[in-house]
Amino acid sequence: MDAAGTATTSARTRVAWVDVAKGFCIIMVVMMHSTLGVEKAVGANGWMNYVVEFARPFRMPDFFMIAGLFLSARITAPLRLYVDRKILHFAYFYVLWLTIQFVLKAPEFASDYGWDGALLFYLKSFVEPFGTLWFIYHLAIFFAVTRLVHGRVPAWLVWLVAAGLEIAHIDTGSMLIDEFASRFVYFYTGFILADAIFRFADRADRHLLFGVGYLAAWGVLNAACVFGGISKLPVVSLGLGFAGAVAVCTFSVLLAKTLVSRPLTYLGANSIVVYLAFFLPMVVTRTVLLKLGLITDIGTISLLVTAAGVIGPVILYEFTRRTGWGTFLFVRPAWARIDQPWRREPGQKAAIAPAE
């Protein structure tokens, strides 16, 4: 489980399929929240529920595994730079969008807990991740933990402990603890097995039948476990998580050469944009559609809400990018950095991408 030597492979392979995979996964994430929100509001399930349940075993494992793929090239970076790019980067967006969500939901929280209780809830969210923002909260933690153990604890031992935590299905009621226990193994696997993952992707790219055959076999197995009620069992969940993550990578490799991949590539390159901002267009669209009552099919409503949750943040991001207004929503400003961007070497450009 040696993580060395992945930088060259990573740089060569990323453009081909990684953003496609991230784009696919962010759609799956928005679809889950949109569908479950609609179904909760109407008190019944629609046909989209089958898609959401099918994706449950691999949806977040793949996201975290991909997040770890390129870490080997940066794990030994100067500490100040590492903390800025891998920890404070996500902390900035978490605090910003946590505050935005609380401002929008303040009247609701105040009616439930009182204004003092709402403020206390906000402060607690700096320790216990809030709502849909838990993903970027845990990314910062995963990057920090991996840096701390790298070179100090054998990789195989870290992996075994991480796998054991997932298999244990820890349920303390704390999202901070429970999600770390169930997700860190995928992030760490992406880090230490990046070369193997890229080699598998290269093989699927060179041998179409191999890739299609793997997807077909995995699809049958995943469906059988999910709808057979065993996908959440210890060990089974871990196996399905890895198998599904590899399946998404394989699917993305095969899709990357087609025109269909273009919107997914865009979404993948800006996945954090969608993740941060999808909640508002999702809630607004769901509320409007349910109140109008023009569409009664629950699955169709869920699909439309999903589309709004994906497209809405893209429109907002492009508006900020093209006008320069509100760019701080998706691009971390210089004052929120500690890597001294104003003292860059000659010819070194500042990062303008919203995130990795």
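**Note on cysteines, aromatic pairs and a nonpolar patch**

1. The sulfur of Cys-249 lies 8.0 Å from the closest cysteine sulfur, that of Cys-25, which is too far for a bond. Cys-249 is buried, at 4% relative accessibility. The model is predicted, and a search of the whole structure gives 0 disulfides. Cys-225 is likewise in no disulfide, and its nearest cysteine sulfur, in Cys-25, is 19 Å away. With 7% relative accessibility, Cys-225 also counts as buried.

2. The count of aromatic pairs comes to 44. In one of them, Phe-64 and Phe-135, the ring centres are 4.8 Å apart and the planes stand at 50°, so the pair is tilted. This pair links distant parts of the chain, with Phe-64 in helix H3 (residues 59–68) and Phe-135 in helix H5 (residues 134–149), 71 residues apart. Phe-64 and Phe-135 are both buried.

3. Phe-184 and Phe-187 make a stacked pair, at 6.4 Å centre to centre and 25° between the planes. Both belong to helix H7 (residues 175–192) and are 3 residues apart, about one turn of the helix. Phe-184 is buried at 4% relative accessible area, and Phe-187 is buried at 0%.

4. Two arginines sit over rings. Arg-147 lies over the face of Tyr-82, 4.9 Å from the ring centre. The charged end of Arg-203 is over the ring of Phe-210, at 4.1 Å from its centre.

5. Leu-104, Leu-280, Val-284, Val-288, Leu-292 and Leu-294 make a nonpolar surface patch of about 570 Å². Helix H13 (residues 279–292) gives the most to this patch, with 4 residues. Val-288 is in helix H13 and is partly exposed, with a relative accessible area of 40%.

Methods. Residues numbered from 1 in each chain as written. Predicted model: local features only at pLDDT ≥ 70, side-chain atom pairs only at ≥ 80, totals over all residues. Heavy atoms only, no water. Patch = residues over 30% accessible without salt bridge, like charges linked within 9 Å, V, L, I, M, F, W, Y side chains within 5 Å. Areas by Shrake-Rupley, 256 points an atom, 1.4 Å probe, with all protein chains shown as cover. Salt bridge = Lys/Arg side-chain N within 4 Å of Asp/Glu carboxyl O. Helix = DSSP H or I, 4+ residues; strand = E, 2+ residues; numbered from the N terminus. Buried < 20%, exposed > 50% of the residue type's maximum accessible area, 1.4 Å probe, protein only. Disulfide = S-S within 2.5 Å. Phe/Tyr/Trp six-rings, centres within 6.5 Å; stacked < 30°, edge-to-face > 60°. Lys NZ or Arg CZ within 6 Å of the ring centre and 35° of its normal.
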